[in-house]
Amino acid sequence: MSVPSKIGEWWKRNETPASTPGTPDTTGSNCSKAKGILSEDLTELLTHTSKGKLALECSSVNKKLSDEQRDDIINIIIEDILTNNVTLYTQDYMRILDEICSVFPLENEMRDYYYISRKGKNNASGKLYAKYRNKKSKRIKLLISEPSTSKAATHTSPNFCNKDVPEINELVEIH
């Protein structure tokens, strides 16, 4: 059996059509499109912070978010992702964007604000992408700089050989 046929068989075994009974509903609003990326449903995640609650309230009243509220939502999402040590891949940004648009339907008009996929030789862009890359980069730099500061601390650790050194109490006379 060749490798492509093994992959094809595996795909058929693990592929579950949306109409199969017992299959979770991935199109409903109660199912997180960003499952596995966010620690919980976006609405629940936003209710844990005052800025998230405010964005939810404003969107239900005004139906449209301000740039400041969009930035707050992005910060909440990125903090959750980095706190849980999740690495984002290209398809993950689209899943997060779909989740945002399911919670805030009018944000479909603002998809490019959050994420613009890579086209040709250009890098991906958008606030969601930029915030993730910048915060992840800062965390990596912080982790790299921590070991250099901890090297100095190892000399005073209990494992360091601290032999008693007799003090010298001699006076030096200068003529």
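A word on the basis. This is a predicted model, where local features need pLDDT of at least 70 and side-chain atom pairs count only at pLDDT 80 or more, while totals for chains, interfaces and linings use all residues. Residues are numbered from 1 along each chain as its sequence is written, and side-chain values use heavy atoms, leaving out hydrogens and water.

Back to our pair. Both residues sit in helix α5 (residues 90–103), three residues apart, or about one turn of the helix; helices here are DSSP runs of H or I, at least four residues, numbered from the N terminus. Asp 92 is buried at 7% relative accessibility, whereas Arg 95 is partly exposed at 31%. Buried means under 20% relative accessible area, exposed over 50%, and partly exposed in between, with a 1.4 Å probe and protein chains only.

Helix α5 also carries Asp 98, which forms a salt bridge with Arg 111 at 2.7 Å between the closest N and O atoms. That pair links distant parts of the chain, since Arg 111 belongs to helix α6 (residues 111–114), 13 residues apart from Asp 98.

Next, please look at Lys 135 and Glu 79, whose closest N and O atoms are 2.6 Å apart in a salt bridge. Here helix α7 (residues 127–154) is linked to helix α4 (residues 67–83), with the partners 56 residues apart. Lys 135 is partly exposed at 23%, and Glu 79 is partly exposed at 29%.

In total, the structure holds six salt bridges.

Conventions:
A salt bridge is a side-chain nitrogen of Lys or Arg within 4 Å of a carboxyl oxygen of Asp or Glu. Helices (H or I, at least four residues) and strands (E, at least two) are DSSP runs, numbered from the N terminus.
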